[in-house]
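Hi,

Here is the structure I promised to pass on. Have a look at it first, and then read my notes below.

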Amino acid sequence: MSDKQEPNGKGTAANITDQERDWAQQALAEYEQKNYKSCLEHLQRIEISRPNDPKVLLNKAIVEFYESGLCTADKFQKSFIDVCKQVELNLELLDSLEDVENCIYYYNYAVFLYHLKHYTKALAMINKVYSFIESLEESLAHKVCLLIVQLHIDTNKPAEALKLITYIESQFVSTDNATNILTGSADQGGPIHNETEKTEKKANLDAATDAFRVSLIQYRVRSLMELNLFDECSQQLNTIKEKQDSITMFLIGKLEYLRGNHKEALAILKQIPVKDDFIETGESSSVLINNNVACLYHYAKKPTLSFTSIYKAIVQHQKNIIDVTKPNQAEGSLSGQPLHIIGASIKTELMFNLGISLLHARKPEEAFDCLIEAVQTYHMNPRLWLRLAECCIMTHKKSNDRDFDFKKPYIEGVVGSGKHRKIILKSQLFPDTKYSCEAVSASIPMPSLEFGSLCVRNAVLLLHNDTIDCSPSHTPINTPHKDYLFGCIQSAGAYIALCLGDPVVALKYSQELLKSDKINKVHKFLGHLYAAEALILSDKPNEAIDMLKESNAFDDIEPEIHEQLRIEQWKPDKQKSAKAVLYYNLAVALTLRGDLDKAGELLKQIWLSKIEHVSVPVHVVILALYIHLRLGQKEIAITLIKQNCPQAKR
C-alpha cells in the first residue's frame, strides 16, 4: 500500500497547528519503524482534533490494516470506500479524478485491485493516475510508474510496457528536470513528510534514482523476453549484472533457459540464495527455484526429476500459505490472509506444470487430476484442453508397441489331435479394441475417451478465437505454433472418435485437418489414415482407397516423425514403418472391395520390409490368412500359421 499522507484535508493545509504537525511527524516515525500501535495512537489524537479530515481517516484505515498483518482486507475496503465517499469520489468513475490531491485514493485502490489479481480494472485506474505523474511527489511517482508497467506486463502488453519504460526513463532518470519532479515541489496527497525529510530525499536522490533505474531495467528485460528479443535482453542485463540481486539472477537464468542453454540456466539457479521471505513479499525463492529447475529437467527429457522438483515446490508453497493464514475472525471472503498473499498463490500454475511433467512421465491418471484443477482457472487455454484429451488417450492406450509385436499369440487354442487337430484363431487380437458401449457421461471429469472428446471440442472452439489465451504461460501462441496446435487437436479428435466408434465425427475432424495446407507431414499422414478408417467403418471402401492413394506425406517425413516421437513411445517411428501401415490399411480397403489379389501384393511388399527389420503391424498376418483362405490357398495359410504361431508346431 502507499505510505500515509500529510494529515490535512483538501484546502486546509494552512489550518494545521504545530501540535498536529508534531503528532503527524511522530506518527510517520512510528509507521516507518513498523510500530503500528503507537502510530495509531498519534493518528487518533489527530482525528480528535480533525474529525472530518479524510486523509487522517485514510491514514488511520491503512495503519489499522497494517496492524492486523494486512489480514482484514474486507474491513479496509469498507473503510477506504467510506473515506472516498466523504471526499465525494466515485472510484468506478475514473473521469471524476480531476484534482492531483485525490490521486492517492485511486493509487491505493489500484494496488488493492492488483493484489486481488483484478489486473484490467487496476490498469484502467492507474492509467488515470499516471496522467498526473509529473505533479506527484517522489515516492508516489515511482510507485505509480512501477505499478503501471507491472500491470501492462500482467495483461500481456509487453510492447506498451516498453514504450512506457522509455518515457519514464527520459522523464525521471535521464534528464535534469528529474530532480525537481522526483523530490516534489507541491504540497499534495502523499506520504507524511516535512522540510527535513525533503532535504534528506534530495541528498539520497542518487541512490533512490539508481534503485528506480534498476527496477525499470528489470521490467524492460521481462517485456523483451515476452517479445523474444533475447539479444536486447542480454544487453540490458549486462548493465545491472553487478547488482547480483535475486531478481536479476532469476532473469539471467530465464534468459539462458529461453535460449536453450539449460546447463547454464541450472548453474545460475544454484547460485541464487534461498530466502524465507514469503510473509514479506508473497514470493518464496525456494518455490521459484524448484519450479524453474523442474522446467529445465522437463526440457532435458527427464520427466521423473521434473515432477519431483515440482512436487517439492507445491509442498513448500502450501506450507507457506498455511503458515500465514489466520483464523477468519472478520466477516468477508478476503479476511484471514495478508492482502499480498491472497493473490500470491501460484498453486494453479504449479499444478499445471506438475500435470505436464506427469503426462511426459507416462502417468496419465495422475496428470489428469493435476490438469483438471488447473483448467478451472485457465479454462480459455486450448492447449490445456488438448493436454487433458491426451491424458484420456494415454489412459485408454499408453503405447501401441504390442500392435507391432509378432511374439503375441494369434491362436485362441488347439483342439483334437492328429488329422482331427483344429486350430482356433482369436476372433480379436486385442480385447480392448472394442468400442465403448458403456453409458459414460462426457461431462464427468474423468480420464475417459468420452470426456476426452469434450476436451477436444473445447479446444477446437477456443482455437478459433482471434486472441488465444495461453495462460499460465505469458508467451503468446504465434502462427506456426497455432498451426501445429490445430493439427494436434484435430488428429486427437479423430483418434478419439474412432475409438468411440463414431466414424462420422472422425471423418469430420480428419477432413478439417486435411483442408489446411499449413499442417506438417505427420499430421497429414494421420489425417489420411483416420479419414480412410472412418470411411471403411461407414462402408465406403472405394472412397477409403482413394483417400489412401492421395496420401503424399512420405516425402522426407522421417525428420518430423523423429521430432514428434522423440519422447512418446508410439509407432510408426520410421518412414518405412509408416509406409507399411499405410499399405496395410490400403490392403484392408481392397479386401473389403473384393480385390484380394491386389491386397495380397501389398501384403507381400509389407512382408519384405519386415525382413529388413522394419516395424509392421501384426494385423498383417491375420489379413494374409484371411486372403489366402478366401483364395482357397489352404496350404499357404497353414504354413503362415506355423511360421508365426508357435502353438501350431506342437
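Among contacts (heavy atoms within 4.5 Å) in the protein chain between residues at least 6 apart in sequence, 65% join residues at least 24 apart. Keep in mind that this is a predicted model, where local features need pLDDT of at least 70 and side-chain atom pairs count only at pLDDT 80 or more, while totals for chains, interfaces and linings use all residues. Residues are numbered from 1 along each chain as its sequence is written, and side-chain values use heavy atoms, with hydrogens and water left out.

The chain has 31 helices and two strands; these are DSSP runs numbered from the N terminus, with helices being H or I of at least four residues and strands E of at least two. Of its 650 residues, 49% count as buried. Buried stands for under 20% relative accessible area, exposed for over 50%, and partly exposed for anything in between, using a 1.4 Å probe and protein chains only.

Now for the inside. A nonpolar core here is a set of buried Ala, Val, Leu, Ile, Met, Phe, Trp, Tyr and Cys residues joined through side-chain atoms within 4.5 Å. The largest one has 101 residues, and Leu354, Trp385, Leu388, Val456, Ile489 and Leu603 touch the most other members. Helix 23 (residues 479-499) gives the most to this core, namely 11 residues. Another core, apart from that one, has 66 residues, including Leu43 and Tyr105. In soluble globular proteins, nonpolar side chains tend to be buried together.

Leaving aside neighbours within four places in sequence, Val456 is in contact with Ala389, Ile489, Ala492, Gly493, Ile496 and Tyr509.

How do helix 22 and helix 23 pack? Helix 22 (residues 449-463) meets helix 23 at an angle of about 150 degrees, with the axes 9 Å apart. So helix 22 is roughly antiparallel to helix 23. For reference, axes are lines fitted to C-alpha atoms, for helices over the stretch in contact, and angles run from 0 to 180 degrees between N-to-C directions. Under 35 degrees counts as roughly parallel, over 145 as roughly antiparallel, 65 to 115 as roughly perpendicular, and the rest as oblique. The crossing is left-handed, a label used if the near helix is turned anticlockwise from the far one by less than a right angle (right-handed if clockwise). On the helix 22 side, the contact includes Gly452, Val456 and Val460, and on the helix 23 side Phe486, Ile489 and Gly493 are among the residues they meet.

In the loop between these two helices sits Pro472, and the peptide bond from Ser471 to Pro472 is cis, with omega near 10 degrees.

Helix 13 (residues 246-258) and helix 14 (residues 262-271) are another pair to look at: their axes come within 7 Å and cross at roughly 165 degrees. That makes helix 13 roughly antiparallel to helix 14, and this crossing is left-handed too.

Finally, two loop residues other than glycine have positive phi values. Arg362, in the loop between helix 19 (347-360) and helix 20 (364-374), has phi near 65 degrees. Asp539 has phi near 60 degrees and lies in the loop between helix 25 (521-537) and helix 26 (541-550). Buried or exposed? Arg362 is buried, with a relative accessible area of 19%, whereas Asp539 counts as exposed at 65%.

Cheers
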